[in-house]
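Please keep the sequence and the three-dimensional view at hand while reading.

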Amino acid sequence: MGLFILRRLGVMILTALCLTFIVFYLTNLYPNLEKLAKTQGNFRMSDEAVQSWLGARGYMEPLPVKYGEWLGVLPGYVNEADDGKITGRCIAVNMAPEDAPTFCGVIQGYWGNSTVFKDSVWNIVSKRLGLTGWLMLAVMMVMVPGALILGVLAGMREGSKLDRTLSTVSIASTATPEYVSGVIFIALFASSAVGLKWFKGTATSAMDDITWVNFTLPVITIALYGMGYIARMTRASMTEVMTAQYIRTARLKGVSFPNIVLKHALRNALIAPFTVIMLQIPWLLNGVVIVETLFNYKGFGWTLVQAASNNDIELLLGVSVVSVFVVLLTQLISDIGYVYLNPRIRIS
Amino acid sequence: MEPLTWGEIALRVISQFTPVWIALIATFYLSIRFKRKLGLYGKLFDSTIGMIGFAIVMFWFFTAVFSGFFDMIATHDPLGQISGMKNKVPGTALRSPDEGEYAYYLFGGDNLARDVFSRMVLGSGIVMMIAPLATVFAFMVGITLGLPAGFYGGRLDTLLSFLANLILAFPVILLFYLLVTPEIVASGIPNYMAAFLFIFPLIFAGVLLNSRYRIQPAKNVPLLAGVLGVLGLLYLSTISAEGTPINFWPTSLDLYDIPSGILVVFVSVVFVNSPTVFRIVRGLAMDIKTRDYVAAAQTRGEGPWYIMLWEILPNARGPLIVDFCLRIGYTTILLGTLGFFGLGLPPESPDWGSTINDGRKLLSIYPHPALPPALALLSLVLGLNLLADGLREESLRD
C-alpha cells in the first residue's frame, strides 16, 4: 500500500510538471506576450518598445529558463536599467537588490503577481478558493444524498415502474448542462417576465453573506448535472448487489424488504458510487466555472475565466496548478478509498 | 396587427415544421415495417425509450437538413435585423412586413432585433454538422491508439495511458481558453493539431484494409490506392488553407476551405474527447484479447493488426455504439460550453451556445431569447441519451 501511494505520488508530480509546462508554453507564446505588453503598458507601443518592455520583465529569456525560474530551481532574472535601477523577479518593490533571495519560485512558496488584479497570486487563489469551497460544500450536501437516494430507490427493484421513472429522471439530469439549467432556473424563478421572483438571479451578494435567496439557484444548477450520473452508477451497483446470493438467502430467511435494502445491500452497493463521487469532483470544477460566470459569483472558476481571457500568466499558472492537484488528489483518494472499502481487494 | 396568442404561436410553429413531421413519419413507418431485417437498428424499435430518443434526434437532424440545404422552416434571415423588433415578446407582428415576408417573430426578437425562432432552427445545422463528425474523429483517434495499447500492453500502454491521463487532468474550460484565443489561433497551433489529429482516419482505413487483403495483392493494391487517394485529397484540402501556417497545397486541388473558427472548435473538441475513447477501447481490448476466438486467430497465423481490427473491434461494437451516442451528446454540450464563453465561433453565429451566451445578459428582464436555444440543446442531448439507453438495453438482450 505504501509503495502504491508513493508511485502514484510520483506520477502525480510528473503529470503536474508536464501540465504546468504546457500552460507555461501556451501562455508564453510571443503573440500572447505582445498582447500582455500592450494591455499592461501602452496600446500604441512600437515593436521595439514591446521588446524592451518584455525584456525588462524577464519575458524574453528562453522558455526552459523562465519555467525554471517560475519553479524556483533557477535563479530569478535580474535586470539593470539604463539609469542604474536594478529590478528582478525576486526583488520586491521596496527591497534593496542585495537583500533579495536568489531563488524564488513555487518551491519557495512565491507564486508571482497577477497583472490583472494587482495582487499576489497566493492571496487571490486562497481567497477565491475559500469562496468556491462554500459553493462546493453546499453542492455536495445536496448532490450526494440526492443521488444516492435516487439510485438506491431505482435499483432496489429492477424494471419496476419506480425504476423506469427515476432512471428517466436521472437521464434527463445528465442531459442538462449547467448553462441550460441555469438559464431555465433564472428565467423561471428570478425574472420579472414570469414574476415568481423567489430567488435572485445573481449570487454576487452571497460572497459576503450566504442566504437562501441568493445561493439556492447556483447550488441546484451545479448539483443537478452531476446528480444523474452518480444516481445511475448507484443504480447499476445496487441492481448487481440485489441479485447476489446472500440477498436471496436473506430473503428466504424471511428478512423484511426494508431490512434487506438497508442492512444487507446498501453497504456493498455504495463502494462503486464512492469512486464515482470522488471522480466527479473534477467535473464539478467545470460546472463551477460556468455557474460562477453565469451567476457572477467571484470564486475560483470566475478567476480562471478572468485570468485566461486576460492572459494573466502567473495567475493562470497558479489556477492550473491548483485545479490539476484537485484532479490528481481526487483520483488518488478514490483509488485508496476503493481498496480500503472493498474487503476483497484489501485482504488479498 | 395584433400579436399572436400562445395557442396561435404553437400552431404556427408546428405548421412551420411540416416537412420535418412528414420525414419523421416516413422514417418511422419504413423502419417499423422492416424492423426484423434491420439488425440492431431495427431492434431499437422494440424499446419505447429508444424510439422516443430516436425521434427527438431525427427531429433535429431533419430540421438541420431542411433548414440548411432547402431553406425551409426558418421564417427569417438569422442575421437580419428588423427595426422595431428589439427584445419583443414571442408572437409580435412585424411593423411593416414586405410582400412575401413572414409577418411575425414567432419566438420574439433578441437584443439585436433578430428572429429567435430562425436562429434556433439554423443553429441546429451547426451542431448537427460539428458534433457527430467530431465524435467520429475522436473515435478514429481513440480506436487507432487504444487497440494496440490494450493488445500489446507494456511500455506502449504506459506511455499512451500517461498522455491520455495528462489531457484528462486538464480542466476542459482552461484548455479551451488556451487553445481558442485569437493569439493562439494566429500562432497556428490549432492547424498543426488538426494536421496531427486528422491523419488518424487515414491510418485507420489503411491498416484496416491492408491487414485484411495483404495476402491478395491484386485486390489490395487498387483498393488501398483508391481509398487512401480519396482520403488523402480530403485530408490535404482540410488542413491546408489560405492565411494559415500550413498552406502548401495548390489551390486548384484544394477542394474546400474550412472557416478557421469552425476548424479550431472542431480540433479542440476532438482533442478533449479522444482520451476518453482511448481509455474505453483500451479496456475493451484488454478484456477481449483473452477470448478463445483471438487465440484461434493467432493459431491460424493472423497478424496482430488483423486480430485487433477484424476480431477484437467487431466484438467490442456494442459498448462502442452506445458510447458513440452518449459522446455526440457530450460533444454537443462541449460545443455549447464553447459558445457560452464566446470562444471560437463568431459572435453572430446562430449556434445554440453563442445564442444562450447572447441572451443571458438580459435574462432577468427578457428571458425569451435565451430559452429556445437552451431547450433545443437540452432536448437534443436528452434524445441522444435516451437513444443510447435504448440501444444498450437492446444490445444486451441478445
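pLDDT is the predictor's confidence in each residue, from 0 to 100. The structure is a predicted model, in which local features need pLDDT of at least 70, side-chain atom pairs count only at pLDDT 80 or more, and totals for chains, interfaces and linings use all residues. Residues are numbered from 1 along each chain as its sequence is written, and side-chain values use heavy atoms, with hydrogens and water left out.

**Confidence**
- Chain B has a mean pLDDT of 87, and 98% of its residues reach 70 or more.
- The scores of the model are ipTM 0.86 and pTM 0.89.

**The contact between chain B and chain A**
- Counting heavy atoms within 4.5 Å as contact, 41 residues from chain B and 51 residues from chain A take part.
- About 4,000 Å² is buried between chain B and chain A, and carbon and sulfur atoms give 78% of this area; buried area is the accessible area (1.4 Å probe) that two parts lose on being put together, summed over both.
- There are two salt bridges between the chains, a salt bridge being a side-chain nitrogen of Lys or Arg within 4 Å of a carboxyl oxygen of Asp or Glu.
- Asp389(B) and Arg232(A) form a salt bridge through their side chains, at 2.7 Å from N to O.

**Asp110(B)**
- Asp110(B) is buried, at a relative accessible area of 4%, where buried means under 20% (1.4 Å probe, protein chains only).
- Among the residues that Asp110(B) touches, not counting those up to four places away in sequence, are Arg119(B) and Pro369(B).

Conventions
Chains lettered and ligands numbered in written order. Buried < 20%, exposed > 50% of the residue type's maximum accessible area, 1.4 Å probe, protein only.
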